[in-house]
Amino acid sequence: MYTQDFSLKSGHTWLNVASEGPLPKAAVEALEEAIKWKKSPHLLTIAKFQQVPVELKKAIARLINVDWHDVILGNSATYGLHLLSNGLEFKAGDEIILLQNDFPTDILPWLSLKQKGVVVHQLKAQHQVLSPQEIEKAINRRTKLVCLPYIHSFIGFKEDIAAIGRLCRSQGVLCVVNLSQAAGAIEIDLSQWEVDAVVCAGYKWLLGPYGTGFCWIRKEVQENLNYAQNYWISLMDEASLNSEGPINLKDDHTARRYDVFGTANFFNYVPWQASIEYLLKVGLDNVNKHNQILVNKIVDGLEQERFDLISPRSQNERTNIVVFSHKDAKQNPYLFEFLKSKGFYLALWRNKLRVSPHIYNTLQEMESLLKTLEQYTSK
């Protein structure tokens, strides 16, 4: 049904959107329009410089149900985490709680704070991801911040962010969430969570070009950031630019002050906005329903005698990511290459196979994947 909205090559089944998502046709058309602007610079009006970031922010705001003025444009999920780690005030003895075995994006930005005497705990979960009870046990009077993924990149389990956010807020601890494996695949309403910041890559489930991402930081937290980033497009209006007098730095504490440099990034942001608008038009609830049909087909059809399911088996715990392993884990690299030779593109992470289907995939492709798995003979 949705496959026609993409230009994927026949015989090549892309099942790795958790790493990189394809552009829908609407985004390709938007990119072609942006290229025209650069080919003919007279089309690059001042209005476009202002319009591109604003319209993108409005689309992102609809995606997560926030005020668009509070959306910060970045080039990755990492951008927002570095903004927080470098801009928040940390002192010696402060503690940060992270999930051990999380994707490095959520860990590396905080490790530099050890130089200031900040204690960074990488907690090993008892069962796949950290429970609210484990977080509560780890929090003490020195705990400053908790940073977690909403959906775990390596194993496909989901954190109970609603409960963890409430817990952190009650303890005066900041809660930061990475939405990269969720936004664009499921509905997200930040008004229902007591979190202080979210970060997200734009090139996975949101189907944008590489080098896109966003961040949202609660206003009270944003106002306490101490991070010098003064970009002229973000801070100067047309009157200021046309003035020959001294330039004065505005006392601007709005989100746009922290936008990545080059916000009128036509080749990235124009098609990315089109991709987000496409997903919003389809409806995130419909996207999730479609994807769950595909996930259920894989999980329910995987041969239990030959493969171990790493991601959730329980229906109410399943997410948009399926992770499995051959019973003989040494076979996984060979199985990965075998599937690729048959036109199925998965991910091999930490010697486990990850399948991440999205809106453009079909039930027939999942059936074909299962049949191809049956054909594999151990090396």
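1. Start with aspartate 300 and arginine 318. In this predicted model, their side chains form a salt bridge, with the closest N and O atoms 2.9 Å apart. Aspartate 300 belongs to helix α11, while arginine 318 sits in the loop between β9 (307-309) and β10 (322-326). The pair therefore ties together parts that are 18 residues apart in sequence.

2. Now check the surroundings of the two partners. Aspartate 300 has 55% relative accessibility, so this residue counts as exposed. Arginine 318 has 9%, so this one counts as buried. The cut-offs matter here: buried means under 20% and exposed means over 50%.

3. Some bridges share partners. Arg169, Asp196, Arg218 and Glu220 are joined into one network in this way. By the rule used here, the salt bridges come to 14.

4. The N to O distance is 3.2 Å.

5. Next, look at arginine 142 and glutamate 95. Their side chains meet in a salt bridge at 3.0 Å, N to O. This pair links distant parts of the chain, 47 residues apart. Arginine 142 is in the loop between α5 (132-138) and β5 (143-149). Glutamate 95 is in strand β3 (residues 95-99).

6. Is glutamate 95 buried or exposed? Its relative accessibility is 7%, so glutamate 95 counts as buried. Partly exposed covers the range between the buried and exposed cut-offs.

7. One more arginine deserves a look. Arginine 62 lies in helix α2 (residues 46-64). Which residues does arginine 62 contact, leaving aside neighbours within four places in sequence? They are Glu277 and Leu280.

8. Arginine 62 can also be placed against glycine 211. The two are 149 residues apart along the chain. Their C-alpha atoms are separated by 21 Å.

Note on methods. Residues numbered from 1 in each chain as written. Predicted model: local features only at pLDDT ≥ 70, side-chain atom pairs only at ≥ 80, totals over all residues. Heavy atoms only, no water. Helix = DSSP H or I, 4+ residues; strand = E, 2+ residues; numbered from the N terminus. Contact = heavy atoms within 4.5 Å. Salt bridge = Lys/Arg side-chain N within 4 Å of Asp/Glu carboxyl O. Buried < 20%, exposed > 50% of the residue type's maximum accessible area, 1.4 Å probe, protein only.
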